[in-house]
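Hi,

Here is the structure I promised to pass on.

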Amino acid sequence: MVSLGGAQSSPPQPSPPGEGEANATALEQELKAFGRSLHIRHVDAGSCNGCESELQALLNPFYNLHRLGIFFTPSPRFADLLLVTGPVTAAMREPLLRTYDAMPQPRWVMAAGTCATGGGTNGGGYACHQGLDGMLPVDVWLPGCPPNPAALIEALLLLLQRRPQQVHGGVHDAHRAGQGAPT
């Protein structure tokens with residue numbers, strides 16, 4: 001590993017034997033397989049394209065998702081995360097399930113946007129499901145219509161355990177501690 005100055009830096013020291021292993025959950029074990037990068041396969045399952053415009057913004061120079069080691073991939077065979085937007089129309093149900101089945105293990109699923117998390121305004125009708133609930137095992141639920149790029153990055157970093165969870169039960173930790181609203 002080389003630092004910005006070009007000098008060699010020492011590799012991270014392993015934790016004492018048994019300490020980290022004893023507390024590791026199944027998700028933490030899966031995270032080790034991913035290392036520091038994440039490859040996302042996005043499926044638009046019938047959205048209005050509001051979420052897609054926010055996802056596209058992740059690739060611009062301001063948000064620059066690639067600097068975090070997070071990339072979109074065109075093939076589910078190389079994807080770690082299936083990111084789904086839209087309420088899942090009847091026509092998109094089968095392609096969505098096939099995409100999920102084509103992904104290698106371990107794999108994650110993220111429901112992004114109000115439609116994917118609960119059906120939105122069109123969910124539950126004759127042509128749309130109520131989002132992903134009961135269809136796929138969802139690891140991350142990200143509501144919002146649409147969720148902005150900063151919220152998407154926050155959710156991805158939380159998934160990768162590169163950022164601590166700060167909202168529990170809908171209340172920010174700083175607010176719960178009596179420090180007022182977060183800035």
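Predicted model: local features only at pLDDT ≥ 70, side-chain atom pairs only at ≥ 80, totals over all residues.

Residues are numbered from 1 along each chain as its sequence is written, and side-chain values use heavy atoms, with hydrogens and water left out.

Some totals for the chain: of its 183 residues, 36% are buried (buried is under 20% relative accessible area, exposed over 50%, partly exposed in between, with a 1.4 Å probe and protein chains only). The chain exposes about 10,600 Å², and carbon and sulfur atoms supply 56% of that (areas by the Shrake-Rupley method with a 1.4 Å probe; for residues, only the protein chains shown count as cover). Take the contacts between residues at least 6 apart in sequence: 74% of them join residues at least 24 apart (contact means heavy atoms within 4.5 Å).

Now to strand 3, where 5 of the 5 residues are buried. In a regular strand, side chains alternate between the two faces of the sheet. Here both faces are covered, with Leu81, Leu83 and Thr85 on one side and Leu82 and Val84 on the other. Strand 3 pairs with strand 1 in the parallel sense over 5 bridges (two strands pair if DSSP finds at least two bridges between them), and Val84 is the bridge partner of Val43. Strand 3 also runs parallel to strand 4, joined by 4 bridges, with Ala111 as the partner of Val84 there. Between strands 3 and 4 the chain passes through helix 4, and this β-α-β crossover is right-handed (with the strands pointing away from the viewer, the path from the first strand over the helix to the second runs clockwise).

Helix 4 covers residues 90–102, and its buried residues are Leu96, Leu97, Thr99, Tyr100 and Ala102. Their cover includes strand 1 (38–44), strand 3 (81–85) and strand 4 (108–112).

- Val109 sits in strand 4 and counts as buried because its relative accessibility is 1%. Beyond four places in sequence, its contacts include Leu81, Tyr100, Leu132 and Val140.
- His42, in strand 1, is buried as well, since its relative accessible area is 17%. Its side chain makes polar contacts with the side chains of Glu52, at 3.1 Å, and Thr85, at 3.0 Å (a polar contact is a pair of N or O atoms within 3.5 Å; within protein, one must be able to donate a hydrogen and the other to accept it, and residues adjacent in sequence count only if both atoms are side-chain atoms).

And what about Arg67, buried or exposed? Arg67 counts as exposed because its relative accessibility is 54%. It lies in the loop between helix 3 (50–57) and strand 2 (70–72), and its side chain reaches the backbone oxygen of Tyr63 at 3.1 Å.

Finally, at the start of helix 6, a side-chain oxygen of Asn148 comes to within 3.1 Å of the backbone nitrogen of Ala150. After helix 6 comes Gln161, with a positive phi near 55 degrees.

Cheers

Conventions
Helix = DSSP H or I, 4+ residues; strand = E, 2+ residues; numbered from the N terminus.
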